[in-house]
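Please read the following alongside the sequence and the coordinates.

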Amino acid sequence: MSVVVDALGKQCPIPVVMAKKALAELQTPDTLEILVDNEAAVQNLSKLAASCQLPVRAEKTGEKRFSVTMEVSAPVRPAEETVCAPDARGDLVVAVGSNCMGNGEETLGKALMKGFLYAVSQLPALPKTILFYNSGAYLTCAGSDSLEDLKFMEAQGVEIRTCGTCLDFYKLKETLAVGSITNMYAIAETLAAAGKVIKP
Amino acid sequence: MGFDTSDDACVYRITDEIAAIHTVDFFTPIVDDPFWFGQIAAANALSDVYAMGGRPAVAMNLLCVPGCLSQETIRKILEGGHQKAVEAGCVIAGGHTIQDDEPKYGLCVTGYVHPDKALRNVGARPGDALVLTKPLGTGVLTTAAKADLLEPEQYDRLVRSMARLNAHAAEAVSQCPEIHACTDVTGFGLLGHADEMARGSGVTIRLYSRRLPLLPGALEFAEMGIIPAGAYRNLDYVKPRLTVAESVQQARVDLISDPQTSGGLLVALPMEDAGALLAALRERDPDSAIIGAVVAQTEHTLEIV
């Protein structure tokens, strides 16, 4: 037996609300068919099915007539509340000691590092500080492929710190393009105080 | 200004020092409470002046009411509008009312700006940061509210966000040394307004889907499929110029497409200045965030990553 919900002539959000109610009332494995007359409702019902992890099928049955079918194999539990990670900086410190990520071919290492810093900029919780030392100093200076990502993070309060000795050694001091200069004492203190340290 | 790039309002130069900004907006009730509706409609209409870098000065009420609407309800709508106008330092000098089957309210607003300081919705440059000053999700949440699905706090955050003037955000923006482009996010959604900005500026805009400020509940309802039809229209319109990274959650694309009522300002400015702008914004608009970056033009005008 299948349950049919007639939502013809109903605009969003009504078809979704009717389908949700019908899903909650289903006691046994069953098929739920919802009839709607607009494309937006079809897409919205498919999303509802996806959020409840139900297989879904949609077909056009005529002019402004669609049928959306969901296969329900077990009673649908209400979706768990999505817990959002607080969008704040944690006590994470990233320590970048090279312009390459990992050991191996230099071209690959550089590409990996660019990808890594971009991925860090997209983490739900940004690091508190990113330290750059040794050839990592190249990444904060003019010509680096990661400047956009680093400036994006700096604008949101991430401390970008580059080792001064390293900038001097590689003759980069004039070209520092993001963040500020730090020293070994501050680097040691930052690492010691960190909750977590990532070293790519 | 010209008509080519869909600016937010008309700007008319009166003298070398003064240009007048004219704009009008009105719509049907978006929430049941008439006082909130009046405030939201007024904040929404005033917003176009702020988006152009101006200050509102004089406004006229536009009101459509069915015969059955009580005097008390009409008074509350107008009081809501009046309260926002006062807050904006703008005088409501009169207006016009007609009878109509469905109530509608809004304002016709005149504001002023120095002609050299008028902000445009184009001019974004590669290397710019994109800042958004209000959270997204008003279309999804007002749709959910129609079905009584919102928790009281969710509803409260929604109406307060829509009723908040963009005045403080505009003030913070005006303090920036350099603003390349500015608009307000309304019916075309973040997607549509960013698309206009990118196309008019000859650049590509990259939106960081995980950095979007969202109203409480917006993501959950979008996942559930409580999405207004306008969001699909916005997405269809921009689709030929859009690329979405595989890892992006569908619900976030839907919220980027979600039509906004009285949305925030969308500002393109040099990345170096974005931190200072955010700090200034967050006192009054705590949800402000850097939501994207401007890059050199690619084959797409918009990238969602």
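**Helix, sheet and one serine**

In helix 8 of chain B (residues 229-238), the buried residues are B:Gly230, B:Ala231, B:Tyr232, B:Asn234, B:Leu235 and B:Val238. Buried means under 20% relative accessible area, with exposed over 50% and partly exposed in between (1.4 Å probe, protein chains only). Helices (H or I, at least four residues) and strands (E, at least two) are DSSP runs numbered from the N terminus. This is a predicted model, in which local features need pLDDT of at least 70 and side-chain atom pairs count only at pLDDT 80 or more, while totals for chains, interfaces and linings use all residues. Residues are numbered from 1 along each chain as its sequence is written, chains are lettered from A and ligands numbered from 1 in the order in which they are written, and side-chain values use heavy atoms, leaving out hydrogens and water.

The buried residues of helix 8 of chain B pack against helix 2 (39-51) of chain A, and within chain B against helix 6 (189-201), strand 9 (242-244), helix 9 (250-257) and strand 12 (302-304). Contact here means heavy atoms within 4.5 Å.

Inside the order, strand 8 (residues 204-207) and strand 11 (residues 289-295) of chain B run antiparallel and are joined by 4 bridges. B:Thr204 has B:Val295 of strand 11 as its bridge partner.

B:Ser161 lies in helix 4 (residues 152-163) of chain B. B:Ser161 counts as buried because its relative accessibility is 4%. Leaving aside residues up to four places away in sequence, B:Ser161 touches B:Lys134, B:Pro135, B:Leu215 and B:Ser262.

Definitions and conventions
Two strands pair if DSSP finds at least two bridges between them.
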